[in-house]
Amino acid sequence: MAISATINENGTCIYSLDSGLTNVSMDTINNLTFTKSVSLTDGSRTAIFYCNDTLGNLNSSSVAFTINTATTNPPSGGGTPSQWSETY
């Protein structure tokens, strides 16, 4: 999966998935949009993004998400795959 962050001024971004113990650099081609491919096992996570602009202004933001790679069975009411809900 890929994670990403976008800022509105040139700068840099890093992220952490372990409460800031390990910070990981993110890839960019324009210093505004940052991405990183990650392999994660099932479970709940919180990603914290730390970004700063070229003037040194630092900001952070976090997002909680859940990885669930279990096979999805259709709900008992049927429906089409586009109507089923999965959490990623």
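Which residue does a disulfide join to Cys13? The partner is Cys51, with an S to S distance of 2.0 Å. Please keep in mind while reading that this is a predicted model.

**The disulfide**

A search of the whole structure turns up one disulfide. The link of Cys13 and Cys51 is right-handed, with 115° about the S-S bond. Cys13 belongs to strand S2 and Cys51 to strand S6, so the pair ties together parts that are 38 residues apart in sequence.

**The sheet around it**

Let us look at the strands next. Four strands make up an open sheet in the order S3-S2-S6-S7, and their pairing is antiparallel. The edges are taken by S3 (24-25) and S7 (58-67); each has a single partner strand, so one side of each is left without a neighbour in the sheet. In general, the strands of a sheet pair through backbone hydrogen bonds, in either a parallel or an antiparallel way. Here, ten bridges connect S6 (residues 43-53) with S7 in the antiparallel sense. Within this part of the sheet, Tyr50 stands opposite Ser60 in S7.

**The aromatic pair**

The structure also holds one aromatic pair. Its members are Tyr15 and Phe49, whose rings are tilted at 40° between the planes and lie 6.5 Å apart, centre to centre. Tyr15 sits in strand S2 (residues 11-16) and Phe49 in strand S6, so this pair ties together parts that are 34 residues apart in sequence.

**Burial of the paired residues**

How accessible are the residues of these two pairs? The table gives their values; a residue counts as buried under 20% relative accessible area.

| Residue | Relative accessible area | Class |
|---|---|---|
| Cys13 | 4% | buried |
| Tyr15 | 5% | buried |
| Phe49 | 12% | buried |
| Cys51 | 13% | buried |

**The nonpolar core**

Which residues have the most contacts inside the largest nonpolar core? They are Ile3, Cys13, Tyr15, Met26 and Phe49, in a core of 13 residues. Strands S1 (2-6), S2, S6 and S7 each supply at least two residues of this core. The largest share comes from S6, with three residues.

Leaving aside residues up to four places away in sequence, Phe49 touches Ile3, Ser4, Ala5, Ile14, Tyr15, Met26, Asn59, Ser60, Ser61 and Val63.

Methods:
Residues are numbered from 1 along each chain as its sequence is written. This is a predicted model: local features need pLDDT of at least 70, side-chain atom pairs count only at pLDDT 80 or more; totals for chains, interfaces and linings use all residues. Side-chain values use heavy atoms; hydrogens and water are left out. Two strands pair if DSSP finds at least two bridges between them. Rings of Phe, Tyr and Trp (its six-membered ring) pair if their centres lie within 6.5 Å; planes under 30 degrees apart count as stacked, over 60 as edge-to-face and the rest as tilted. Buried means under 20% relative accessible area, exposed over 50%, partly exposed in between (1.4 Å probe, protein chains only). A disulfide is a pair of cysteine sulfur atoms within 2.5 Å. A nonpolar core is a set of buried Ala, Val, Leu, Ile, Met, Phe, Trp, Tyr and Cys residues joined through side-chain atoms within 4.5 Å. Contact means heavy atoms within 4.5 Å.
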